[in-house]
Amino acid sequence: MTQSAVAPERRAAERTELKAAIDEVFKTAAYNGARVGAKVVSLDDGSTLYERNADDLLNPASNVKLFSSAAALARLGSDYRFTTDFLVDKGARERGGNVLGAAGEVRGNLYVVGRGDPTITTEVLYGLALQLRYHGLRSVSGDLVLDDSYFDGQRIGPGYDQEKTDRAYLAPTGALSLNWNSAGIVIAPGEREGRPAQVELSPASPYFVVENRVVTVASKKLRRLSVSSTPAPGGKQRIVVTGRIALGDEPMQLWKKIDNPPLYFGESLKAMLAANGVRVKGKVRVGLAPKDGAVFYVRRSDSLDLVLKRVNKNSSNFTAEQLVKTLGAQVSGAQGSWSNGLAAVEGFLAEAGIPRGTYIMKNGSGLNDANRFSASQLCTLLRAMWERSTSSPEFLSSLGIAGRDGTLAFRMSSTEAAGRLRAKTGTLENVSALSGVVETVGGEHFAFALMVNDFAQRTVGINRGLDAIGAALAELGTPGGPAAGLAKARGDAPLAAPIDELRARLTTYESLALAKDPRNAQLLRTALATTRDPALKVAIADALYRSDPEGSGARELLESFSATPEVLGRLFQGAPRGEAVEGAVEPLAPQTLGTKEAASAAAISHLPLALQSLLALSAEGDRDALNHLVGIIAAAGLDDALRRELTFPLAEVLAIAPDELLLALNGAAEAVQRPALMVLAQLIDSLPEAERAPLATALERAKGGVDPFLSALAKRIDEQVAAAASARQQGTLAGGAESPAPSPAGP
């Protein structure tokens with residue numbers, strides 16, 4: 001049924017229901033104290049269906065990419081292609097115009113002139129090396145000269161300087177760039193315990209100076225790896241890898257930014273040419289190509305409409321900034337820079353109905369605290385692009401599709417919004433946004449912009465609300481209407497399976513988790529989207545994480561887990577691999593872990609797989625995992641069996657992630673922090689002096705640091721440990737229970 005067939009009174013009622021549904025979302029606890037800007041407009045008649053603080057300027061995070069990509073489409077055109085030219089000196093030409101001398105030699109230098117192509121990866125560069133060989137190149141008598149003068153020398157954009165790390169999403173721009181100006185570091189265990197790990201760079205080249213300080217440890221131990229990327233003398237990049245990796249661990253790949261894009265490109269190209277039988281006799285250096293150089297080969301990228309899919313579907317900061325600088329160079333005729341690129345964007349936005357001076361835009365990606373737009377301005381842009389016949393299809397196809405791809409691949413998948421809603425996500429610390437277009441079940445089309453700033457809760461709660469609004473919009477025209485969409489997206493009234501059924505289902509999903517088969521990933525994603533039992537969702541998310549470590553499983557696991565009876569308690573109650581622990585006398589405590597059925601699980605000798613994954617993520621320093629771990633530790637304060645099972649892995653986390661665990665404890669509520677500190681104090685007291693050393697060092701750092709709360713926490717831990725030692729010497733636990741202190745070796 002199309003919207004034209006809907007009676008006017010029903011249409012008006014639906015809009016009233018929609019407003020009530022959106023208001024209901026913003027009244028939930030997740031949004032307490034947050035600043036919200038929201039607007040929904042009809043793309044069919046221009047009417048406004050909903051607005052809340054729609055003209056307030058807020059941080060839109062990566063929704064800024066909508067403005068950058070729209071301007072690029074309008075000014076460059078959807079068929080624009082980035083080029084990379086390979087030139088030789090004019091004097092190198094042979095008679096007849098051949099640029100190669102005898103035996104395929106370039107006599108002189110080979111020049112590579114970049115024009116901002118953001119799509120060159122290791123695979124593309126290897127293909128380029130092959131193409132040069134196929135075109136007859138066998139050697140270069142001179143140097144490999146990299147000309148990246150198409151862009152100015154400012155490589156780090158405004159807003160990027162607010163974060164001093166080597167993370168890949170902070171990669172610099174460059175007219176000659178490779179792998180989004182980041183390097184892949186692959187780490188695998190050595191051949192036996194005690195041996196160095198295997199560390200490889202992708203792509204490998206003399207550009208990198210690698211220091212491998214990773215040791216291989218026993219298979220039962222938790223992994224902790226740290227990789228740093230810093231400039232090295234001579235324009236090179238120093239990669240230092242420290243930590244430990246366990247025998248049997250899967251190889252792990254991490255990405256870090258590099259600092260000298262042209263040399264990274266050039267050294268990698270030279271290595272790939274050598275691998276294909278092409279020798280460059282000179283060195284790799286940065287310089288200008290001669291204006292009268294002879295063209296040897298030209299590489300053309302995919303068309304801009306395909307490049308934009310990486311910008312908006314995958315939210316590539318690097319590609320967005322490359323677009324802005326390219327736009328500046330093309331429109332101004334000068335070197336590409338942020339100033340002339342953003343001027344070009346502003347010119348387009350003025351034409352689209354967003355006047356200069358009414359917003360703040362300092363970069364093209366939306367990174368950190370550098371931009372301000374309103375929900376009204378986002379809707380104005382979306383409507384302008386919807387009506388722009390020359391680029392509307394390309395712009396809309398660049399957006400992520402709910403439940404299908406991009407950053408929305410796993411959001412709203414079980415609602416009517418799946419396949420109907422296209423949008424750009426935006427996420428920073430205490431910032432979340434979602435803006436796009438949706439075609440409702442009833443055939444209407446809407447643009448919407450939702451921005452939330454300064455929230456105190458976890459992002460997952462905010463995003464669930466935004467997804468619920470998207471689902472409510474999509475449900476217009478269905479019998480249930482917006483309220484039904486809201487309930488579906490929020491997963492209202494979760495259904496908990498009986499314990500026997502839960503145990504059987506957990507057994508099934510744990511078997512899939514142990515298989516680690518990537519072919520199961522799609523099956524598990526579907527199961528995750530349609531399962532309502534909160535404990536079972538955690539097990540499915542863990543199976544997905546183990547089957548597809550690079551996918552969304554870890555995020556789903558962290559977002560769905562909680563140290564509550566509904567999740568932690570039921571995971572233990574239904575634990576399929578549980579076996580009685582010799583000597584354990586206390587059952588799982590009903591007051592901590594749920595109903596009296598907990599007694600049937602008693603103490604288990606193996607933690608549920610999902611908890612093992614949480615511990616592994618905690619050991620790697622993941623903040624959300626550590627926050628959950630603190631809740632689990634607190635629950636163990638009332639349960640001997642859980643405390644015994646946590647003894648060995650907690651000792652591991654204390655040894656390799658003490659600073660991160662202290663921060664998680666510092667952020668916990670007092671009701672959680674107090675029992676957690678009791679458990680940790682008993683554990684610390686039981687550890688040999690050598691095993692306490694990393695934590696002792698972290699405590700001293702905290703006591704001497706600038707954070708008064710963290711300093712107070714460190715002193716409190718010292719006091720608790722002293723009390724635990726005193727209680728142990730008197731033959732009792734600090735809480736008065738007649739039981740031995742836990743042993744780091746386990747029960």
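Modeller: Two strands pair if DSSP finds at least two bridges between them. Strands (E, at least two residues) and helices (H or I, at least four) are DSSP runs, numbered from the N terminus. This is a predicted model: local features need pLDDT of at least 70, side-chain atom pairs count only at pLDDT 80 or more, and totals for chains, interfaces and linings use all residues. Residues are numbered from 1 along each chain as its sequence is written, and side-chain values use heavy atoms, without hydrogens and water.

Biologist: What makes β7 and β15 a pair?

Modeller: Three bridges join β7 to β15 (residues 284-286). The definition asks for at least two, so they pair. The two strands run parallel.

Biologist: Which way do the residues of β7 point?

Modeller: Leu 144 and Leu 146 point one way, while Val 145 and Asp 147 point the other way. All four are buried.

Biologist: Why is Ser 177 called buried?

Modeller: Buried means under 20% relative accessible area; exposed means over 50%, and partly exposed lies in between (1.4 Å probe, protein chains only). Ser 177 has 3% relative accessibility, so it counts as buried. Ser 177 is in the loop between β7 (144-147) and β8 (182-188).

Biologist: What makes the link between Ser 177 and Asn 181 a polar contact?

Modeller: The side chains of Ser 177 and Asn 181 are joined at 3.0 Å. A polar contact needs N or O atoms within 3.5 Å; within protein, one must be able to donate a hydrogen and the other to accept it, and residues adjacent in sequence count only if both atoms are side-chain atoms. So the link qualifies. A polar atom of the Ser 177 side chain also lies 2.7 Å from the backbone oxygen of Gly 174.

Biologist: Ser 374 lies in the loop between α7 (338-351) and α8. Is Ser 374 buried or exposed?

Modeller: Its relative accessible area is 3%, so Ser 374 is buried. Among its contacts are Ala 54, Leu 57 and Met 451.

Biologist: Asn 368 is in the loop between α7 and α8 too. What makes its backbone stand out?

Modeller: Asn 368 has a positive phi of about 60° although it is not a glycine. With a relative accessible area of 14%, Asn 368 is buried.

Biologist: Asp 454 also has a positive phi, near 60°. Why is Asp 454 called partly exposed?

Modeller: Its relative accessible area is 43%, which falls between 20% and 50%, so Asp 454 is partly exposed. Asp 454 sits in the loop between β20 and α10 (459-474).

Biologist: What makes β2 and β17 edge strands?

Modeller: They belong to an open sheet of six strands, ordered β2-β1-β20-β19-β18-β17, with antiparallel pairing. β2 (48-52) and β17 (400-401) each pair on one side only. Inside the sheet, eight bridges join β1 (residues 35-42) to β20 (residues 445-453). Ala 38 has Leu 450 of β20 as its bridge partner.

Biologist: Why is α23 described as largely enclosed?

Modeller: Twelve of its 17 residues are buried, so the rest of the structure largely encloses α23. Those buried include Leu 677, Leu 680 and Ile 684. Among the elements covering them are α20 (623-636), α22 (658-667) and α25 (708-729).

Key
Contact = heavy atoms within 4.5 Å. Lists of a residue's contacts leave out its neighbours within four places in sequence.
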